[in-house]
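Dear colleague,

Please find the structure below, together with its sequence. A summary of the findings follows.

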Amino acid sequence: MSRSPSPASSLDFFESDPSSEEEYVPVRRPRKVGPAAGGSKKLLGGAKAGGPKIKINLGALQRAKDVAIAHPADGPIEEDDFGVGDEDDEGYFDGMIGKRGIDLSNQALKSDHSLRPLWVDDKGNIIVEAFAPFARQAQDFLVAIAEPVSRPSLIHEYRITKPSLHSAMSIGLETKVVIEVLSRLSKTPLSTRLTARIEEWTASFGKVRLVLKDNRYFLETSVPEFLQTLMTDEVIRDCRVTREIESGPTVFGAEQTARPRRDYAIPGTEEARRAERGEIQADDIGQQGRDNDALLGAVIGIGEADEMDDEDDAVHSFEVAGERMEDVRRRCKDIDLPALEEYDFRNDSVNPNLDIQLKPMTVIRPYQEMSLAKMFGNGRARSGVIVLPCGAGKTLVGITAACTIKKSALVLCTSAVSVAQWKQQFLHFSNISERQICAFTQGEKEMFTTPAGIVISTYSMIAKTGKRAHDAEKMMQFLRSREWGFLLLDEVHVAPADMFRKCINNFKVHAKLGLTATLVREDDRIGDLGYLIGPKLYEANWMDLAKNGHIATVQCAEVWCPMTPEFYREYLRNPSRKRILLHAMNPNKIQAAQFLINYHESRGDKVIVFSDNVFALEAYAKKLGKSFIHGGTPEGERLRILSRFQHDPQLNTIFLSKVGDTSIDLPEATCLIQISSHFGSRRQEAQRLGRILRAKRRNDEGFNAFFYSLVSKDTQEMYYSSKRQGFLIDQGYAFKVITELHGLEAMPNLVFPTKAQQISLLEEVLNTGDAAAETADHYMRLNNGKHMKRPAGNQPSSLSNSSSMPAVQRFTAPLEHLSGGQNLSYREQNKSVNKELSREDRQNKRDRVGGKEQHSLFKKRKQELDAIKKQRATGN
Ligand SMILES: Nc1ncnc2c1ncn2[C@@H]1O[C@H](COP(=O)(O)OP(=O)(O)OP(=O)(O)O)[C@@H](O)[C@H]1O
């Protein structure tokens, strides 16, 4: 089977069967094609019981994720199918997968291994044969106990980690159940090392709780040794609050920790409707979930999980300082006594109830119900994170959680647009009245007047430091002074950023729920969510949701556009800042964009073209006669363009800068073309794809949405592009490479058809100042979000059909301006990549002074000076 990019050379694949093996070979650069790739053909699987030793290379499996293994039982799978031996390629998949591989060399297969779907190694790496019997049940179980690493069509990967086991414990699974079920699903016996590790990692989970009572936080445990550890720990001791009358820890009765069963239905579910009609009693509530557990137990041969045995005799507790919450949580995690946060909202008589419920017409979907069942599984509200794909309805999940808890709630999101959307959705899906819900943004600063209510704000608004306006300060005091039943964090992956952490720690909150589609950051802080918010409670499988019509099925393609020789020559010669502009403005790319827009408009699609580079955005849009929106487009014009895109059959394509990555709900859009993007951000790629996942037509027979990334060949864009795709590939999306667009050259009105025109474009690009993205985005930032008059002759004209290049004014600006990303309240980029680029840039500058090659005499002198400096520094 071939591992090189698909030879697809035209758009024919639109019409082809998406399940066709030939068409969906995973797309990878032919980095290493040679003897190693086609090397030895050792036996990999299909062994007899007790047969040969097994060694699987995960990195290689990654490459083979979508290679169809049609009949695994029919014969041995050969290493070549997985590209084993192509070791040099490993670094290519950095960050996507454990590179070490899964080693089962000391394990013998069980006699009925073909019935069991899992390969499990002693480090907790798991490979699932998604085509095997019981694979479905196995995956439901794995989602609860392990981290999904990659879930393409046939081979899935998971990894057991400490946080993933804590998530499992937090939703009520027991250590022995985890081991028992894993062992039964595995083709080989579990190693003692792994079982010991699972036991060790779960031993103390759930034994320590962090509880908010009367505006004071307490650490609670029923295990005396843990109490001892906590009270003697240096950090925790430092966070302890001792009051005169309570010098020692307080002791409560057993009822404090008893785990109740859920005896209320989650609003919006069939169960809730049946309970309302009196068809089921309190005792039967939650039975469906228990039945499912029993069914899994029956399939794998064990009984229903026992109730957690934590009803000890007494609970010891001591107070910790509210303002030291982050330290307490982090320290508890570090000493392996993670503090569980649960809220017994039904028995909270201190905080007033909020009269909120879902409107009768609101019906939540099965996966939304499943995620909420994890949060409310034992009758209390567990703090944690729910991960659902873009467009899958996270807002309704959050609203339903608020309707279940029925206490005052604080909702934080990333922008003022999202605040407005959340408010509107609360009013749409629930019975909350305008009096009970308010927004806290630059423009709105009201407080609710009822005893309980909802406040929606942004992370930046809450995290703001320094002097605030009087009304904003009053609002903050109001927020800080009270207890909140529920803190809802939208796009929770932003929360670990330094400036936003205080949003979590600033308030007295009982239950926290984080929502996100992409639990990824390009730094390593995503793990902090575990102690900042709580464990991951649920993560949906994108492909399953697409199969069931909840999100659209998307065909993804990367279109390789060769650089014209003239552009490439300049690309090689120029520093990286200019290079970005050169590969974005490559005439072949502009033509490819024109061709794809025409093709999709003629099919009746609505097209969004994304460009982070605002200079390119304007240039493309004007040249192709399309509307565009970026940070500098006035609000009224933005709304007008968006509304026309939705309703006007004459306006079928819009160009969007980064401002459209999130929070723009355009269910009409069915095709996305990305012409320039912000380095290697996997999250941005997923969020952009999210714009078409909610396509209105998604349930039409045979409907596909389309996602293209236009990449200038042999430039750094290719590297970033493959990095960006990492997250989506792990969700099961296959990116097809298109190397040629048939019919492009014959297209009437093709832009830049002659060499002379291309060279004139090149001249314009080269004459453009380094801060080529000087656009209204920049003005927005300078003017603190308010619009500012642009210089004469450089007015944005979003609807302009002029074919001229945008007027440019020269001024200096940092590299980020080139991406149009400076207008976001939260930016994420691969720091190491940026460092590399600026280092390269500095080096280029050093070598070139005033655009000319530095004279060798200066170079030599510089080397001498460097040597002297070094000598001085080392004292020699
Ligand atoms: N159960 C449901 N019933 C009806 N409509 C729903 C349901 N769940 C979600 N929706 C609708 O689906 C659309 C997408 O939902 P939402 O905006 O909450 O997605 P999201 O997951 O927050 O996406 P993103 O991550 O892109 O912001 C909305 O129009 C919402 O009203």
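**Ligand shell**

By class, the residues in the shell around the ligand are seven nonpolar, five polar and four charged; here Ala, Val, Leu, Ile, Met, Phe, Trp, Tyr, Cys and Pro count as nonpolar, Asp, Glu, Lys and Arg as charged, and the others, Gly among them, as polar. The model is predicted: local features need a pLDDT of at least 70 and side-chain atom pairs count only at pLDDT 80 or more, while totals for chains, interfaces and linings use all residues. Residues are numbered from 1 along each chain as its sequence is written.

Cys390, Gly393, Lys394, Thr395 and Gly690 come nearest of the 16 residues around the ligand (a residue is near if its C-beta atom, placed from the backbone, lies within 6 Å). Helix H13 (residues 394–405) gives the largest share of this shell, three residues. Helices (H or I, at least four residues) and strands (E, at least two) are DSSP runs, numbered from the N terminus. The ligand lies between domain 3 (353–548) and domain 4 (552–768), because both give residues to its shell; the domain bounds come from an automatic or database domain assignment.

**Confidence**

The protein has a mean pLDDT (the predictor's confidence in each residue, from 0 to 100) of 72, and 69% of its residues reach 70 or more. Confidence is highest in H13, at a mean of 95, and lowest in helix H2 (residues 79–82), at 28. For the complex, the predictor gives an ipTM of 0.97 and a pTM of 0.69.

Kind regards
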